[in-house]
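Morning, everyone. Let me put the structure up, and then I'll walk you through it.

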Amino acid sequence: MRLLLVDDEKEFVETLAERLSLRGFEADWATSAKSAEKFIDSRHYDLVLLDVKMPKVGGRELKKIIEKKLPGIKTIYLTGHGSEEDYHAGSAEAEYYLMKPININELIAKIKDALGKEAQS
Amino acid sequence: MTHPIDPIGEAGLRFYSKVSASISHEIKNSLAVINESAGYLEDVTRMAKKGMTVDMNRLETLAGSMLKQVQRANTIVKNMNRLAHSLDDPAVRTDLNTLIELMLHLSQRTTVTRGFKVSAAFSEPPVIIVTHPFFVENLIWLILNFAMDATGDAQSIELQPVKTTSGAKINFTGLDQLTQNAFENFQTEPVTLMVSALKSRLQADENKGMIILNLPDDISQPAQ
């Protein structure tokens, strides 16, 4: 299973990708919508984890861009933002909407659930 | 029975709430980095116990990252504390360089998320006036939010404190799309009340793409 993680916090996204790799996932990471698009254009991904609040192009906007290129791709939102409004909007759009800091085991359970039986770890 | 809403009080609470939300978001980001770094250390410790080789340089980087995030969170909390204490005294000697620097930090998440660069040209020597710091901070916040809709393609705003004969002024430049009509619409009741409470004056210069906040030397003295 190949994942793309997008978050403007480089240290966060880099380390989370490493931890997911240690658990058997192929995980690439990007710190902006622009660099995420380059990954999407060059490889296939099964699921994207997107930070909701990022400079210029946020996760919700990026999701629409990615879906045009990879229809049917699964999405999990990650955010440090706790507004009820964002939570409801985000939950309706993505498979899951997780709050930072995250629990790796919970994240993996959500990834597997989102990907159904295809997931391997 | 209904109670009238105090516009200046409501604007202050709105400002404080927005900053609190932004700051809690920033702190959660710091905690998230620390959480992943600690989690990675736990992962590699388990691997090392099973005899796998551990990249010591990576561990050193992670330790440094955690220390950096603790410093980052500490700075965020210190800034929030400074904002909270700016309501302590309605007339206090205030260094406008320091106040503007604080506002740049507190508004950073909001401005950067919207793709704007906000900077300051600090004054040397510092411009010091006696004022109500919270109202000045609130006005800067409101002007910045307005200014983001009035900048040109550069999406860049600069704040500059300047000493004047009657006190000081803060110039907000980079508002290339500023119009007198938009500026008039910006001056809502809370804005005009805040400007009045500060015994200040707000001006716009369309040609220079600039808003100027003129502040008296000492708010505790009768207005000139």
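**Pocket and interface**

The largest pocket has a volume of about 830 Å³. On terms: the search runs on a 1 Å grid over the protein atoms alone, and a pocket is an open set of points where a 1.4 Å probe fits, with protein on both sides within 12 Å along at least five of seven lines. Lining residues have an atom within 4 Å of a point. Points are joined across faces, edges and corners, and the volume is the space filled by probe spheres set on them.

Two words on the source. This is a predicted model, with local features needing pLDDT of at least 70, side-chain atom pairs counting only at pLDDT 80 or more, and totals for chains, interfaces and linings using all residues. Residues are numbered from 1 along each chain as its sequence is written, chains are lettered from A and ligands numbered from 1 in the order written, and side-chain values use heavy atoms, leaving out hydrogens and water.

Back to the pocket. Its lining takes in 31 residues, and nearest the centre lie A:Lys53, A:His81, B:Lys18, B:Thr110 and B:Trp141. Which elements give two or more residues to the lining? From chain A, α3 (59–69); from chain B, α1, α3, α4 (133–147) and α6 (189–197). Helices here are DSSP runs (H or I, at least four residues), strands likewise (E, at least two), numbered from the N terminus. α1(B) gives the largest share, eight residues. By class, the lining has eleven nonpolar, eleven polar and nine charged residues. Nonpolar means Ala, Val, Leu, Ile, Met, Phe, Trp, Tyr, Cys and Pro; charged means Asp, Glu, Lys and Arg; the others, Gly among them, are polar.

Now the interface. 23 residues of chain B are in contact (heavy atoms within 4.5 Å) with 23 residues of chain A. The buried area is about 2000 Å², with carbon and sulfur atoms giving 50%. That is accessible area (1.4 Å probe) lost on putting the two parts together, summed over both. On the chain B side, B:His25, B:Lys28 and B:Glu36 lose the most area to chain A, together 28% of what that side buries.

Seven salt bridges link chain B and chain A. The rule is a side-chain nitrogen of Lys or Arg within 4 Å of a carboxyl oxygen of Asp or Glu. One of them pairs B:Glu36 with A:Arg19, closest N and O atoms 3.0 Å apart. α1 (7–49), α2 (56–85) and α3 (96–113) of chain B each supply at least two residues of the side that touches chain A. The largest share, 13 residues, comes from α1(B). That side divides into seven nonpolar, nine polar and seven charged residues.

Over all chains, the salt bridge count is 23. Take A:Asp7 with A:Lys100, closest N and O atoms 2.6 Å apart. A:Asp7 sits in the loop between β1 (2–6) and α1 (10–22) of chain A, and A:Lys100 in the loop between β5 (96–99) and α5 (104–115), so the pair ties together parts 93 residues apart in sequence.

Last, backbone details. The peptide bond from A:Lys100 to A:Pro101 is cis, omega near -10 degrees. So is the bond from B:Glu124 to B:Pro125, omega near 5 degrees. A:Lys56 has a positive phi, near 65 degrees, in a residue other than glycine.
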